Amino acid sequence: MIKVKLFATLREGRQKEVVFDYFDGITGKYIIDMLDIKEDDVAIYLINGIDGKINDKLKDGDVVSIFPPVGGG
Amino acid sequence: MGRYDRNMNMLSREENERLRNFKVCVVGCGGLGGYVIEMLGRLGIGYITAVDMDVFEETNLNRQILSNVNVIGKYKAMEAKERMKLVNPDVFINPVVEKFDIENGERILKGHDLAVDALDNIETRFVLQDICEKLNIPLVHGAIGGWFGQVTTIFPGDRALDVLYKQKVKKGIEKELGNPSFTPALVASIQVSEVLKVLLNRGEVLRKEVLYIDTYSQEYHKIKL
């Protein structure tokens, strides 16, 4: 099982947390595609609270956190 | 010293006096930058460089503390100076009416103790991070978008923005959401608290971590970078 936590605007039209069944080779890229999140909307991407890459393979039990970019002033 | 009485005893008298010797460069005088300059000036930071090439427009009035109906069409950096004359004449404001970029950045930043990122676009933030690193100047980053915001303090070599804007994204959620009155004030306040701690070398700063602020759900996350 992979738990995915979404933050800020990524929650719009989605849940705060989404659970995916684990399979060998599952990545953040697969998850964001399934959730219909654009790559450009992924600014901070954490695997178990540590900076990760969306193409990194996930392990069963991983927790993924995704934050959108904030850039205004 | 009556002006600074309420800064005591949070700061010592000696610390209060030291503040007037610091030079801080605030890059961007819009939503964040206006509040940052206001608060740095009231604290008594002696020398503040205010960088912005823009003039005030009507659309700024909902959130930018330096704006009012009488200054529409006037340069933001110049208005920072005018306002500080009224707020705290002890503070010297050095207005720079230029677009901060790779050509002029080093000249503008040189000689400052610290820089504040109050820019409104991601691309220029990376330029600012590069130049601060080159000049060995700490940088307090803040950004806002709608109900959301973030703050981190970047020391030379940390390169926190590389993690914060992972895919080198060009635009943030503010392009869709705009910015209200309260997130600039909130994020700027946290930035100023970081500036004060870095300058006085006390307290805990948001180094290698970002405070991600969500006023919609009132969630505040400190994330290690």
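Let's start with the second largest pocket, which holds about 370 Å³ of space. Keep in mind as you look around that this is a predicted model. Which residues lie nearest the centre of this pocket? They are A:T9, A:K38, A:D41, B:I173 and B:E176, out of 16 lining residues. Sorted by class, that lining has 9 charged residues, along with 5 nonpolar and 2 polar ones.

Now move over to the largest pocket, with its volume of about 530 Å³. Its lining runs to 30 residues, and the closest to the centre are B:D52, B:D54, B:K76, B:L119 and B:D120. Here the split by class is 12 polar, 10 charged and 8 nonpolar. If you're wondering how such spaces turn up at all, rolling a probe the size of a water molecule over the atoms shows where empty space is left.

DSSP runs give chain B 8 helices and 8 strands. So how is the chain packed? The radius of gyration of chain B is 16 Å, close to the 17 Å that the globule rule gives for 225 residues, so chain B is as compact as a globular protein of that length. Along the principal axes, its C-alpha trace spans about 50 × 40 × 40 Å.

Taking the contacts in chain B with a separation of 6 or more, 64% are between residues 24 or more positions apart. Of the 225 residues, 56% count as buried, meaning under 20% relative accessible area.

Terms used: Residues are numbered from 1 along each chain as its sequence is written. Chains are lettered from A and ligands numbered from 1 in the order in which they are written. This is a predicted model: local features need pLDDT of at least 70, side-chain atom pairs count only at pLDDT 80 or more; totals for chains, interfaces and linings use all residues. Side-chain values use heavy atoms; hydrogens and water are left out. On a 1 Å grid over the protein atoms alone, a cavity is a set of points where a 1.4 Å probe fits but cannot get out, and a pocket is an open set with protein on both sides within 12 Å along at least five of seven lines; lining residues have an atom within 4 Å of a point. Grid points are joined across faces, edges and corners, and a volume is the space filled by probe spheres set on the points. Ala, Val, Leu, Ile, Met, Phe, Trp, Tyr, Cys and Pro count as nonpolar, Asp, Glu, Lys and Arg as charged, and the others, Gly among them, as polar. Helices (H or I, at least four residues) and strands (E, at least two) are DSSP runs, numbered from the N terminus. The radius of gyration is taken over C-alpha atoms; the globule rule is 2.2 Å times the number of residues to the power 0.38. Buried means under 20% relative accessible area, exposed over 50%, partly exposed in between (1.4 Å probe, protein chains only). Contact means heavy atoms within 4.5 Å.
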